[in-house]
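Could you help me read this protein chain, one question at a time? Here it is.

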Amino acid sequence: MDHYQKQNNHPNHSGQHSAGGVSYTSTDSPGLCAFILTLISYLLIVATFPFSLCLCIKVVQEYERAVIFRLGRLLKGGAKGPGIFFIVPCIDSYRKVDLRTVSFDVPPQEVLSRDSVTVAVDAVVYYKIFSPINSVTVISDYSHSTRLLAATTLRNVLGTRNLAEILSERESISATMQSSLDDATDPWGVKVERVEIKDVRLPVQLQRAMAAEAEAAREARAKVIAAEGEQRASRALKEAAEVINESPAALQLRYMQTLNAISAEKNSTIIFPLPIDLLSQYMKNGNSKNGKNGKSKKDLLSDDE
């Protein structure tokens, strides 16, 4: 009976094929039965020529490779393609492997972050096959296995980060996932080219709390900015008052400028300010007259007496 024996760190010989650092070597010859079946197959091809060419000649595309097994053994020469290759009916079987880049979505994963916050995160992964032989001989279904590994790696990587890092450091998380997946899938002949975090969904209550916190922070910043503006304005008004105090005519010019601005708006009512110094002068004159009148009345009263 044919069987394979694993051997590590040995050079490949005839009938030996390497897969992910582990070489598979046939320990015995094909045997008489295999020789007879091969001879019969070749005789049938010759007997039915040229009709047998329809079953013997196969074609693979530029982006495909064919891994051929003869009587269950991996055929020497590696993967075939692109173009035409030849198989022997009845004893040969082959599998086509697509070398193009494939992408898939990682389903949303419920992850508990390092600071005990539950988030739902999904991602997209891009990979391709770089070793068709390994993708066929080492693992049964490289596509399904890569998908499962991507979901597990996403949960493991995000579990070591807190919420702030998950929201702000997506590129570093993607790079860490890509490196981890690439190392794990390398023996399968799979190259993970890129990993991208698509969306991070937070619980509704946490979203409301974060929105309230952000709004409070914005209001606090607005109040600080308004207070700083008032402080600067008061300093500017103080300097302006000092300048006007040095030149009384400047106050009159300011009055005229204010009247000009009011008249430009087509207002029906105009308030004209009067200088305080002028009013104080009138008040002094009025007080002096009242004092004189008061003395004359007293004098008249004393005369009457």
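This is a predicted model: local features need pLDDT of at least 70, side-chain atom pairs count only at pLDDT 80 or more; totals for chains, interfaces and linings use all residues.

Residues are numbered from 1 along each chain as its sequence is written, and side-chain values use heavy atoms, leaving out hydrogens and water.

Me: How many disulfides does the structure hold?
Reply: A disulfide here is a pair of cysteine sulfur atoms within 2.5 Å. The sulfur of Cys56 has its closest cysteine sulfur in Cys54, 9.1 Å away, which is too far for a bond. The number of disulfides in the structure is 0.

Me: Is Cys56 buried or exposed?
Reply: Buried means under 20% relative accessible area, exposed means over 50%, and partly exposed is in between (1.4 Å probe, protein chains only). Cys33, at 56%, is exposed. Cys56 has a relative accessible area of 0%, so Cys56 is buried.

Me: Which helix does Leu39 lie in?
Reply: Helices are DSSP runs of H or I with at least four residues, numbered from the N terminus. With 45% relative accessibility, Leu39 counts as partly exposed. Leu39 belongs to residues 32-47, that is, helix 1.

Me: How far does helix 4 reach from its first C-alpha to its last?
Reply: The expected span is 1.5 Å times one less than the number of residues. Helix 4 (residues 142-158) has 17 residues, for which 24 Å is expected. Its buried residues include Tyr142 and Leu158. From first C-alpha to last, helix 4 reaches 24 Å.

Terms used:
Helices (H or I, at least four residues) and strands (E, at least two) are DSSP runs, numbered from the N terminus.
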